[in-house]
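Let's walk through this one together, starting with the overall picture and then moving to a few local spots. Have a look at the chain first.

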Amino acid sequence: MASSSPAILPISNPQSGTVPAAASGGSVQSQAPVTTPAFRAFINHLTESLRHGLSQQRSWAEVADRTAFSKPESFSEATLRIRKNYSYFRVNYLAVVALILGFSLVSHPFSLLLLVGLLSSWLFLYLFRPSDQPLVLFGRTFKDSETLILLVLLSVFVVFLTSVGSVLVSALMVGVGLVCAHGAFRVPEDLFLDEQVTESTGFLSFFSSAASSAAAAAVPVAART
């Protein structure tokens, strides 16, 4: 009588099917902040806002027209000229302030590195950090509220206890001074001011959509705290 070999039952390893899934899930969870949808949306909104703002830029020849300059007769007239010229040349004025600010930071590379590091910390450690990735430093896990406190303390230290604050304030004062001087001596009678330009509220009015997107991106993070 021939002996029959026992049937071999197939054995499946349940971990073999779960490991790739877990690995794939881990790769999704370990998504870098720069690849998050909120960060991409913020960059897109910021780019569109910059393009929209630059499209409203006036001719620099019109800004520097020497025949349109005259001394204001009174302080009230100078103030009125500044308001009108600001409404018309606001993008050009912003470019001048940004140029002075950029030159000041480039001439102080240490302050520039500190400011870039501070902004990067806010963006990647708080605003656009995925909700499933807690901040871990030196083997310690920080809550969102603790991360916010650390970033606020870091901001106070960088702005008030280093040269960053003085560099920014001095550059802004020089830029605003030049803008006010140009606005006070530039005669605005030949400028065409439409309703939309006159109703502008500030230098950064065309950044409103970018700021809104940044606030919307920060809402989920604030909700976690």
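## Contacts and fold

Among contacts in the protein chain (heavy atoms within 4.5 Å) between residues at least 6 apart in sequence, 84% join residues at least 24 apart. Before going on, note that this is a predicted model, where local features need pLDDT of at least 70, side-chain atom pairs count only at pLDDT 80 or more, and totals for chains, interfaces and linings use all residues. Residues are numbered from 1 along each chain as its sequence is written, and side-chain values use heavy atoms, with hydrogens and water left out.

The chain has nine helices and two strands; these are DSSP runs numbered from the N terminus, with helices being H or I of at least four residues and strands E of at least two. Reading from the N terminus, the order is α-α-α-α-α-β-β-α-α-α-α.

## Surface and burial

How much of the chain is buried? Of its 225 residues, 28% are, where buried means under 20% relative accessible area, exposed over 50% and partly exposed in between (1.4 Å probe, protein chains only). The accessible surface is about 14,600 Å², and carbon and sulfur atoms account for 70% of that. Areas come from the Shrake-Rupley method with a 1.4 Å probe, and for residues only the protein chains shown count as cover.

## Annotated spans

An unreviewed UniProt entry lists residues 88–106, 112–128, 148–181 and 201–223 under "transmembrane region". Positions are in the numbering used here, feature names are shortened, and annotations may be inferred rather than shown by experiment.

Residues 88–106 are 100% helix and 0% strand, with end C-alpha atoms 29 Å apart. For residues 148–181, the figures are 91% helix and 0% strand, and the end C-alpha atoms sit 40 Å apart.

Helix 4 covers residues 75–106 and holds K84. K84 counts as partly exposed because its relative accessible area is 33%. In sequence, K84 and G183 are 99 residues apart, yet C-alpha to C-alpha they are 7.9 Å apart in space.

A98 is in helix 4 too, and at 44% relative accessible area A98 is partly exposed.

## A nonpolar patch

V152, L154, V156, F157, F160 and L161 make up a nonpolar surface patch with about 590 Å² of accessible area together. Patch members have over 30% relative accessible area and no salt bridge; like charges are joined within 9 Å, and nonpolar side chains (Val, Leu, Ile, Met, Phe, Trp, Tyr) within 5 Å. A salt bridge here is a side-chain nitrogen of Lys or Arg within 4 Å of a carboxyl oxygen of Asp or Glu.

F160 belongs to helix 6 (residues 144–160). Its relative accessibility is 64%, so F160 counts as exposed.
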